[in-house]
Amino acid sequence: MIKFLFQMTMPGDVTFNSDDSYFGGNLTAYVNNGTIPEARVDDMATRILAAWYLLKQDSPSYPPTNFDAFKPDSEETNEHIDVQGDHADVVRKIGAASTVLLKNNKNGGGGLPLTGKERRIFLAGSDAGPPSIGPNGIKDQGGLEDGILAMGWGSGTANFTYLISATIQQRARKHRTSVSWSFDDFNLTRAGNIAIKQSAAIVFIASDSGEQYINYDDNEGDRKNLTAWHNGDDLVLAVAAQNNNTIVVVNSVGPLIIEPWIGHPNVTAVLWAGLQGNEAGNAITDVLYGDWNPSGKLPYTIAKNQEDYATGLVLGGAQQDILAIPYAEGLQIDYRHFDANNIEPRFEFGFGLSYTDWEYSDLAISAVPSPDGTYADLETAWARGEPSPSGVGSSAAIWLHRPAFKATFNIQNTGGVYGAEISELYLEFPKSSGEPPRVLRGFEHTMAQPGESKAVEITLSRYDLSIWDVQAQGWRKPDGNIGVAVGRSSRDVRVNGAAPV
């Protein structure tokens, strides 16, 4: 069993492809010296093998290998079946829906969405164009070479079947808009000069990262910008200095410090596009022209300073070194850290603008009756503040996780266009609980026409309202009131209430 677990370690190697796992040999040693019971290791291996037997992979006939003829109705596995279906449409919609609108000075002139009446548009930055060596020219997508960034790098990557960069040119042709571009991130003079007198200048910038097994020597050419974001700050500033309607599109694997340019008066709009896959260019264009009203929300906090993050940045060390990273933040992760320490972010967790406006009202929180009366004793004990029973599987108990309370409220689209809103529900535990000031416990996606109101419901379980009792090793209701805050982000609360516990 121990040998089997060694083979299942992924990635696990002390050095890549060395087969010297941190866990295999060490597990053997720990079992032999009595540190780990052999039964515990057997249980670990059994859980892995269960899936193998469930799929009948122990059968001598697995996998089927009859590929002599293509038979669509055949039960045999066939390597020539087209499994893509409508994936292109789905990827495009997900890419547009996940895009976050961070800034939009639509009332101050310029901004988004584009109207189609723009006479001249300028595209700046390599992220706006196609990769010069194709979408799969670098091993495991290893690094930010050029072209639109749609995937990070590392062992979890795959080859693109195709990759679409910004399709603004096609849309501009429809509207008879003149389009020019410069995909050079470092020729700032050229970018600034072309930006002059353009109706809109759209700057595409990107930031990439990945696993360390890919380094400068793995790929051909000058890789000095492997992890950089290709001079993004300077490129935005060079264009914004010459154009008062500069729109920034960011493809990034995570948060960035954008202080050098986010407050520039000529930067009228910012789209945070993330990594959108092979339909990235179409998805971005859909949002730019308002075919899709952005409803995405930030899954992390964008800080004003790098030092504002809880864990900071760990630098240094060679490839063979094991860096010590102190995880001393406890529960104060991301927005919880910012809230607990009264740090003002640039854009908070859950932030995201829309092309329309939203109003919240009529929050009510009520108890949900148990569906069948089972587990009544446990539920009553929880209401008294007693911890849940401990033991294997106790944290996954049905009574702890099924709906126990529901929050209902109304949202109204008070703007002029159809759109969607992601409402976010946060709990505010009493200070004595030791919890962060505010914790996300639910969200809901709602679509509405202009002027339309929708009723929204978000359910909460006893687990959602519990804290961990270290001494009793169980989940319990904290002493004191539990506040409920619902709104558009972790710091944009629109309606408040309290859980009836």
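**Close-up views of a predicted protein model**

D146 is partly exposed, because its relative accessible area of 26% falls between the limits for buried (under 20%) and exposed (over 50%), as found with a 1.4 Å probe and protein chains only. The model is predicted, so local features need pLDDT of at least 70 and side-chain atom pairs count only at pLDDT 80 or more, while totals for chains, interfaces and linings use all residues. Residues are numbered from 1 along each chain as its sequence is written, and side-chain values use heavy atoms, with hydrogens and water left out.

View 1. Helices (H or I, at least four residues) and strands (E, at least two) are DSSP runs, numbered from the N terminus. Leaving aside residues up to four places away in sequence, D146 touches S126, P131, S132 and H230; a contact means heavy atoms within 4.5 Å. With S132, the side chain of D146 also makes a polar contact of 2.6 Å. A polar contact is a pair of N or O atoms within 3.5 Å; within protein, one must be able to donate a hydrogen and the other to accept it, and residues adjacent in sequence count only if both atoms are side-chain atoms. G134 is 12 residues from D146 in sequence, and their C-alpha atoms are 9.6 Å apart.

**View 2. The ring pair of Y360 and F409.** The structure holds 10 aromatic pairs. Rings of Phe, Tyr and Trp (its six-membered ring) pair if their centres lie within 6.5 Å; planes under 30 degrees apart count as stacked, over 60 as edge-to-face and the rest as tilted. Y360 and F409 are stacked, because their ring centres are 6.0 Å apart and their planes stand at 20°. Y360 belongs to strand β7 (residues 358-367) and F409 to strand β8 (residues 403-413), so the pair links distant parts of the chain, 49 residues apart. Both Y360 and F409 are buried.

**View 3. The ring pair of W382 and F405.** Here the centres are 6.5 Å apart and the planes are at 45°, so the pair is tilted. W382 is in helix α11 (residues 376-383) and F405 in strand β8, so the pair ties together parts 23 residues apart in sequence. W382 is buried, with a relative accessible area of 3%, and F405 is buried too, at 6%.

View 4. E379, A381 and W382 are buried in α11. The buried residues of α11 pack against α12 (398-401), β8 and β13 (474-476). Just after α11, G385 has a positive phi of about 95°.

**View 5. Helix α9 and its cover.** Helix α9 (residues 280-288) is mostly covered, with 9 of its 9 residues buried. Among them are N282, T285 and D286. The buried residues of α9 pack against α4 (87-98), α5, β4 (200-207), β5 (246-252) and β6 (267-272). G290 follows α9 and has a positive phi, near 80°.
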